[in-house]
Amino acid sequence: MPQEAPAQPPQQQGRKSKGQRIGSLIHKAGGAVVSGIEYATPKVQQGIHAGKEKAIERATPNEKPAEVNPENYKKAREHSATAAKVTGKVADKFLGCAKSVGRSLSGGGSKRKPSTGIKAVAGAAVTEFANVVDAATSAGKTTLATTCTATEEVVGYKYGEQAQEATREGLGAVQNVAEAGLNVAHVSPGGFVKAAGKQAGKDYVGAGGSSEPPQPPRSGYTAPVAQPQHPPAYNPASVQKQ
């Protein structure tokens, strides 16, 4: 009678270390936070547009449009756009250096066998923290743009085309200043550490430092922008005198 082969003990190679299990949980938690931000951003935009429509319904256009010279606001927008462009180029070079440092700290993303303890946890934590910050920043920029568009439409409906144009240019300058501020924040010790740490975490995960597969980049997310519904053209003849 042929004898049955003895049962083989379960292989231990596929088991996750404690550090890998914690790293996997961090990746899942970070992904959940980013998904929540991505889900909430369009809802916030919808709320802003709904508020705009209610404001237009309650507003009564002035009989005489406001006389505003938008040229000064245009100049402010042009200067702020230049500042945002210059700081953006500086930030790109600065972050490029930070990524190089992070790549060096991680061993250049080589396929060496890494430790699976505290490094796996640290790599996951740094990567997911950077992903959450990037998603929140992008959502904030999208929400600001939606708010500016809604504001200028309400102003235009009540005070006329010149006021709307001036508001558009002024709020455009505000957005440029905010963009420049974000660029300047990147060119700082904190921004350098964040970029270097994120790159090191990505390289470490790619080298097998965590059981979690490399995540697709979530930075740079831009929520879909609902198309604005433009208010009816200003017509003084349609305004009834009280």
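Reader: Let's start with contacts. Which residues does Thr-151 touch, not counting residues up to four places away in sequence?

Author: Happy to begin there. Thr-151 touches Thr-167 and Leu-171 once residues up to four places away in sequence are set aside. Please keep in mind that this is a predicted model. Thr-151 sits in helix α3. Between the C-alpha atoms of Thr-151 and Leu-171 there are 8.9 Å, although the two residues are 20 places apart along the chain.

Reader: Is Thr-151 buried, partly exposed or exposed?

Author: Burial is read from relative accessible area: under 20% is buried and over 50% is exposed, with partly exposed in between. Thr-151 has a value of 33%, so this residue is partly exposed.

Reader: Which other residues of α4 are buried?

Author: The buried set of α4 includes Ala-163, Gln-164, Ala-166, Thr-167, Glu-169 and Gly-170. Gly-172, Ala-173, Ala-180 and Asn-183 belong to the set too, along with Asn-176.

Reader: On to charges. How many salt bridges does the structure hold?

Author: In general, side chains of opposite charge can pair when their charged atoms come close. This structure holds seven salt bridges. One of them joins Glu-71 and Lys-74, with 3.6 Å between the closest N and O atoms.

Reader: Where do Glu-71 and Lys-74 lie relative to each other in the helix?

Author: They are three residues apart in helix α2 (residues 71–105), so about one helical turn separates them. Glu-71 is partly exposed at 39% relative accessibility, and Lys-74 is partly exposed at 25%.

Reader: Which pair links distant parts of the chain?

Author: Look at Lys-141 and Glu-179, whose side chains meet in a salt bridge of 3.1 Å, N to O. This pair links distant parts of the chain, with Lys-141 in helix α3 (residues 118–159) and Glu-179 in helix α4 (residues 161–186), 38 residues apart. Lys-141 is partly exposed, at 40% relative accessible area. Glu-179 is also partly exposed, at 27%.

Reader: What about a network: which residues are linked in a network of salt bridges?

Author: Lys-52, Glu-53 and Glu-153 are linked in this way. Lys-52 is buried, with a relative accessible area of 2%, whereas Glu-53 is partly exposed, at 26%.

Reader: Last, the surface. Which residues form a nonpolar patch?

Author: A nonpolar patch joins residues with over 30% relative accessible area whose side chains lie within 5 Å. Here Val-86, Val-90 and Val-187 form one on the surface, and together they have about 210 Å² of accessible area. Val-187 lies in the loop between α4 and α5 (189–206). At 33% relative accessibility, Val-187 counts as partly exposed.

Methods:
Residues numbered from 1 in each chain as written. Predicted model: local features only at pLDDT ≥ 70, side-chain atom pairs only at ≥ 80, totals over all residues. Heavy atoms only, no water. Salt bridge = Lys/Arg side-chain N within 4 Å of Asp/Glu carboxyl O. Buried < 20%, exposed > 50% of the residue type's maximum accessible area, 1.4 Å probe, protein only. Helix = DSSP H or I, 4+ residues; strand = E, 2+ residues; numbered from the N terminus. Patch = residues over 30% accessible without salt bridge, like charges linked within 9 Å, V, L, I, M, F, W, Y side chains within 5 Å. Areas by Shrake-Rupley, 256 points an atom, 1.4 Å probe, with all protein chains shown as cover. Contact = heavy atoms within 4.5 Å.
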